[in-house]
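User: I would like to go through the contacts in this structure and ask, for each description, what it rests on.

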Amino acid sequence: MERFITQDNLQRFAAGLAEKKNVLAPVASGGTTTFRRLRPGMQLDFSRMAVISPKDATFPRNETLLTVQHYPEESGKRMELQEHLPEGEMVVIGCRPCGTRGKLVFDPVYETQAIKDPYYIRRRDGATFITLACARPETTCFCHSVGSGPADEEGSDILLTAVEGGFVAKAVTEKGEQLLGDSLFEDAGAKAEEAAASNASARKLMGEAHDFSSAAEKLLKRFDDMDFWQTQSDKCISCGACTYMCPTCYCFNITDDEAGLVSRRLRTWDNCMSHTFTLEGSGHNPRSTKAHRLKNRMGHKFSYYPDLHGGQIACCGCGRCIKQCPAGVDIRQVVMAAQEYPDER
Amino acid sequence: MSAQDEQRELRIVGFLCNWCSYGGADTAGVARFIQPTDLRIIRVPCSGRIDPLFIVRALLNGADGVLVSGCHPRDCHYAEGNFYARRRLEMLKRFLPITGIDERRFEYTWVSASEGQRWQHVVTEFTRRIHELGPAPFFNPVSEEEWAKLALDGAARGASCACHG
Amino acid sequence: MSGEVSQLEELKAAIRGQLDSLDCVIGWEQGYDPLHATPLFIRSEADLERLTISPLAVHNPATYTTGFKGKKIGLVVRGCHSRSVIELLNEKLIERDEVVLFGLCCDGVVSQRKIRAALPADPGFVEAVELGKDELHITVAGEQATLKLQEVLADKCLHCAYPDPLVADVLIGEKHAPRQAASPACQDAFEALGNEEKLAFWQDTMSRCIRCYACRNVCPMCVCQDHCIATSRDHLWMSQENTPVENFMFQMIHVSHLTGRCTECGECERACPVDIPLMLLRRYMNKQVREVFGHQAGIALDKTPPLLTFQVEEARIKERDW
């Protein structure tokens, strides 16, 4: 099903949803555009790709898993434990196909036969993704090289395509179809063709895709070659911008915060580029340098993860890590350098 | 004191050097000088032990005021500790205005172990000042209304914030 | 433009002459698109060919020096970068005989934020960039735009008092006439706000901080690296909670550890992925340091940072009356 909505009406539609549900949308604020909870009076900003990915919707940067209330001894009670499972629905509007697809990398890890992460699963199932197709690739975009494209519908409930005067909205799932029943949506008519043409042109603008299929094997071949990784990580400053911007990075850390008789167990995004990520209790650190850490980040996304999960690359090609890296480390270049490394005899 | 009695106590954190001001507070107590009771004293071995971040952390965590008191310059038990402290504390005091935290919520001074009366004066005056300022605002927005207001004000600054480049 | 080309050749020749005796020389090359440069680690003649010194080359190479302890390296430095080097030398964090400084007399570098604001389309769609003498010709999403360099220079450059390297082994380019530093208008406007407004600004601004620590890791003076108290497990200075107060606490740590040491290279603000105007804090603290101690970090060798020393009678610290 395809419908049309004007730009103003999309804003109205989003504001209407925000009255009933938690809506996460790109909002310009303080010189940048990030996903923020849409509140009355806020305008959607579709003028640029939000700098932080919509990952917060399904995997928030920080959440309280449980709270423990301790009691003084004389009360006779010892402690009470309260779990904080996420409730309610969330709608993400204006994410791009790459950001939306990020959660597909989470699924094989957080929902397996043996392990089910109730926090993640509840959030994912309660989330609706109204994705905006990209009309033009940025210099950092490479979604087409990791099995996707600028109008990829996978993971979305609705795909919006910008056309003259507004957007064509295509329902991808039943959830999406229901939303398109809203009276703000009109008959798409000939706009549907305009959208299809725009999507085709966007794909064409991306040019030829790079073939990452040999990356898994080639990265493993470089596993013990620390000289290679030293050179590749020369300019890396070992901060966490890349991992925190990444729609597919799913590592977390758990810590306890205690204050008086209440303690909270927090889950926070973790960052494999940080020294403490692998720091062991003994003080030993198997990944003691940024070269070790960069090797892991690249290897995980393009080799170890695909090996475990049917060849799927744990990267959605959004390019945020390249664009936001303070030193301009380019993930494509690093993986290609491993791919192009001459084979030893 | 009578006016203060009617107000609820505020949270004032005092970092006191073991060798002087902590003794000074003791002297004031032994002499039964009347003092306000809002101050929670943390005893430290020297004002030079006080990382200015102790003070920042206290203020950000909700302290309504922080008072540091050490030995008079030239009187440090460790010869030089308070000379370093003076520089650090002065810089912190001067820095607070840019953060939006009222710099009057933090003060540092020197009180020796024999100056019970002076201690009484310092703690009374500082407590009076903090009561005049009232409870400190929370740094984290507390309610959804506060969050919404902040976010809206931020959004009003829009994409072209002029304050950096 | 020809001036810059000959300067580049002069610089390349100077580096070529010393490359064999150095572990590497850190400069810049074109990055992932024509609008962005990236640090370049020169180890061979082929690397040297990629060197650029255009105003797009913004990164402070001094950030990398402490990672090369015990090795001899070369750095291509602009005025502000040389201040970072001097401060590192003054604090004995690097050795003078372990760095060779190729100094550039600098006419300023760009601010990518200002370029974004000035372009007719998202800079992500950039196709070509041509550098003129005083302007940038940028093709973006099929459109041509000409930006005056002066209008997209970083704030730190508009008000820079030290465009020429203050320490260098090789100096490339013409020295500038002495300049007076000034504080940008936005700084004065912010400082004039009331406490309530300032607090609200930081509350909102800090709510978008993701604590990636790019500001810390890119800072040439943040030398604790893997042992920062913010990420220590032994002393919990900060909760992992991502709230404005915890995020701001980190900035307090950063500011307090930079008191009297910050060389105002602006890397923290440049690196911030969510555009937090950190220089508001840095410039303000540096002003306090100047007022109280008459000190500016990194402008002269053999100076002690003011918080690592004291005077028995402090000329400009008034004891408060009680």
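This is a predicted model: local features need pLDDT of at least 70, side-chain atom pairs count only at pLDDT 80 or more; totals for chains, interfaces and linings use all residues.

User: What makes residues of chain B and chain C count as being in contact, and how many do so?

Analyst: The criterion is that C-beta atoms, placed from the backbone, lie within 7 Å; by that cut-off, 39 residues of chain B are in contact with 45 residues of chain C, and they are therefore called contact residues.

User: Which elements supply the side of chain B that touches chain C?

Analyst: Two or more residues each come from α3 (52-60), α4 (81-99), α5 (116-133) and α6 (144-157) of chain B, and α4(B) gives the largest share, 11 residues. By class, this side of chain B holds 18 nonpolar, nine polar and 12 charged residues.

User: Why are there two domains in chain A, and where are their bounds?

Analyst: They are called domains because a domain assignment, automatic or from a database, sets the bounds, and for chain A it gives domain 1 (1-55 + 65-208) and domain 2 (210-345). The C-alpha centres of these two domains of chain A lie 25 Å apart.

User: How do you know that domain 1 of chain A touches domain 2 of chain A, and which element gives the most to that side of domain 1?

Analyst: Under the 7 Å cut-off between C-beta atoms, 29 residues of domain 1 of chain A are in contact with 27 residues of domain 2 of chain A. On the domain 1 side, β4 (62-70) and α2 (97-110) of chain A each supply at least two residues, with α2(A) giving the most, eight residues. That side comprises 15 nonpolar, 10 polar and four charged residues.

Conventions
Residues are numbered from 1 along each chain as its sequence is written. Chains are lettered from A and ligands numbered from 1 in the order in which they are written. Two residues are in contact if their C-beta atoms, placed from the backbone, lie within 7 Å. Helices (H or I, at least four residues) and strands (E, at least two) are DSSP runs, numbered from the N terminus. Ala, Val, Leu, Ile, Met, Phe, Trp, Tyr, Cys and Pro count as nonpolar, Asp, Glu, Lys and Arg as charged, and the others, Gly among them, as polar.
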